[in-house]
Amino acid sequence: MKRVRFRRLPAAAMLVLLLTFLMAFSAFAADGWHRKGSRIWYTPVSGESVRAIGLTQINGHTYYFNKSGYLRTGWIRIHGKYHYFRTTGKTGVRGRMYTAGLRKVLRTGPYGFSADGSVMSGLCQVGDSWYYFSTSRKAGVSGLMLKRTFANTSDGRHIYLLKNGKMAVNRWVKYKKKYYFFGADGNMYRSTVTPDGWKVNARGIRTKRASAAEVAGAAGSASASVSNLRKAGTKASTGKASILIICGHGQGDSGALGKWGGSWIQEQAYTRDFGSRIYRSLAATGRVNVDMLDTSLDGYTQVKNTLNAVIVSGKTLQSRIEGKGTYGAQAYNALRSNGRLPDLLQYDYVLEVHFDASAASGKDYNGNGEMKGTFMYVNSRKSATSIDSSIIGALNGLGLPICGPAVWRSSGLLNARVFQEMGISYGLIETCFIDDRDDMTFYHQRCDDMAQAVSQAIVNQFG
Ligand SMILES: [Zn+2]
């Protein structure tokens, strides 16, 4: 800087010079942007003429430069996916890639953009809602958001997109003077009774109020009517018994934490580990049918969200359920509409696998030589709990202590309450304590024997 020369100039001249210098510097040198006519380019290294080429991050935005280093705008296909780069705006704004969200493009759209800038197509989640983006091409590019129309998803759901583009969930939709109902997963109800008691025909059109018998019939259309929802703990009348295993937590919920070998371990991983071992062991016996809930799901979240979305006389179905059986049919209907859950009435026993954790003062990451052990939670209204106590007894037989009473009765656990409401036998096992080194040492050494013991107890009861 030649400050000495500036000082000799009059103040006004000095200011003009300084401003000219700053403007030139900011527009063409310091920030690296250059423009000549319609051509725009960027030099990442100050003072050098090397131009940016390809996808380039500048001040938190992404731009695309062609092989000669000139900025490109509009729809550009990169690695087979379309991205959109602003066609208007001053230098530095023009050419910015659209990311993460719904954006209009030249007054058409909106289109949905994922975090990496690629345009969405088909059924996609943005924020908390689901939208459907055209899979057919307009102007060479698919991805236009659909509104006020039906669509078929790639997994076979018949859905409806509301006027704001959101997928209709757990609600009625009026379309061309007819009413249609869409469930928790957005799928249209057909030839059944809706959670609020209306009949819909094979085309999904609402016809009339269902009678009590029809509500009951719809609830059990797959396997039983409401009047004979199974009594907890009883065996299915025909064929092999069916068992469902749910691995606790997951879907973003790690569950309890423990420490092993200097690292944190998560309950959700261990519930899947033990659940899978029980599943394999049971399947190997051939004595019962066994299913495992999709392990990418958290059974609790699925049940809670589905039942929360159904309103019965001004309150959520979830809050109405006490395990008394009053809302068994509604609960079953609602859960049946969640396409990610199996038909729950087919199961004779549902075992949800968890690992426990102690209060802060009771954590024993280093091992004090004493195990805390295992127990089962059941709903406080469950009558026949011999299967639950036999499972805990079998584990105890291997040397794992029983923590308190073998079977704890609880009115609080949502899944225990909901299965009780539907008349399905359910137990939530706290396999052992994930934050107790002694328990986890036992688990790591004996997990296959433990799975075998659980499986044997189940086969003894139901096989
Ligand atoms: Zn848990």
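In what order do the 3 strands of the open sheet with S3 in it run? The order is S3-S4-S5, and the pairing is antiparallel. Two strands count as paired if DSSP finds at least two bridges between them. The edge strands, each pairing on one side only, are S3 (54-58) and S5 (71-72). Strand S4, residues 61-65, is joined to S5 by 2 bridges in the antiparallel sense, and Tyr64 has Arg72 in S5 as its bridge partner.

The model is predicted: local features need pLDDT of at least 70 and side-chain atom pairs count only at pLDDT 80 or more, while totals for chains, interfaces and linings use all residues. Residue numbers start from 1 along each chain as its sequence is written.

The protein has 10 helices and 28 strands. Both are DSSP runs numbered from the N terminus, with helices (H or I) of at least four residues and strands (E) of at least two. Of its 463 residues, 38% are buried. A residue is buried if 20 or more other C-beta atoms lie within 10 Å of its own, exposed if 12 or fewer do, and partly exposed in between, with C-beta atoms placed from the backbone. Among contacts with a separation of 6 or more, 58% are between residues 24 or more positions apart. A contact requires C-beta atoms, placed from the backbone, within 7 Å.

Another antiparallel pair is made by strand S8 (residues 101-105) and strand S9 (residues 108-113), over 4 bridges. These two strands form a hairpin with 2 residues between them. Leu106 in the turn has a positive phi of about 45°, and Val105 is the bridge partner of Thr108 in S9.

Parallel pairing is found around strand S19 (242-247). S19 is joined to strand S22 (residues 289-292) by 4 parallel bridges, with Ser242 partnered by Asn289. S19 also pairs with S25 in the parallel sense over 5 bridges, where Cys247 is partnered by Val353. In S19, 6 of 6 residues are buried. Both faces are covered, with Ser242, Leu244 and Ile246 on one side and Ile243, Ile245 and Cys247 on the other.

S19 is also among the elements that cover the buried residues of helix H5, which include helix H7 (328-336) and helix H9 (414-422) as well. In H5 (residues 299-308), the buried residues are Gly299, Tyr300, Gln302, Val303, Thr306 and Leu307. Seen down the axis of H5, these residues fall within an arc of 165°, so they line one face of the helix. The arc is that of the directions from the helix axis to the C-beta atoms.

The largest nonpolar core has 69 residues, and those touching the most other members are Ile243, Ile245, Ala331, Val350, Ile391 and Val454. Such a core is a set of buried Ala, Val, Leu, Ile, Met, Phe, Trp, Tyr and Cys residues joined through C-beta atoms within 7 Å. Helix H10 (residues 437-462) gives this core its largest share, 10 residues. A second, separate core of 31 residues includes Tyr42, Tyr98, Tyr160 and Met167.

Finally, Gly367 lies in the loop between strand S25 (349-356) and strand S26 (374-379). Gly367 counts as partly exposed because it has 13 C-beta neighbours inside 10 Å. Not counting residues up to four places away in sequence, Gly367 touches Arg437, Asp438 and Thr441. Gly367 and Asp436 are 69 residues apart in sequence, yet 6.4 Å apart in space from C-alpha to C-alpha.

Notes:
Two residues are in contact if their C-beta atoms, placed from the backbone, lie within 7 Å.
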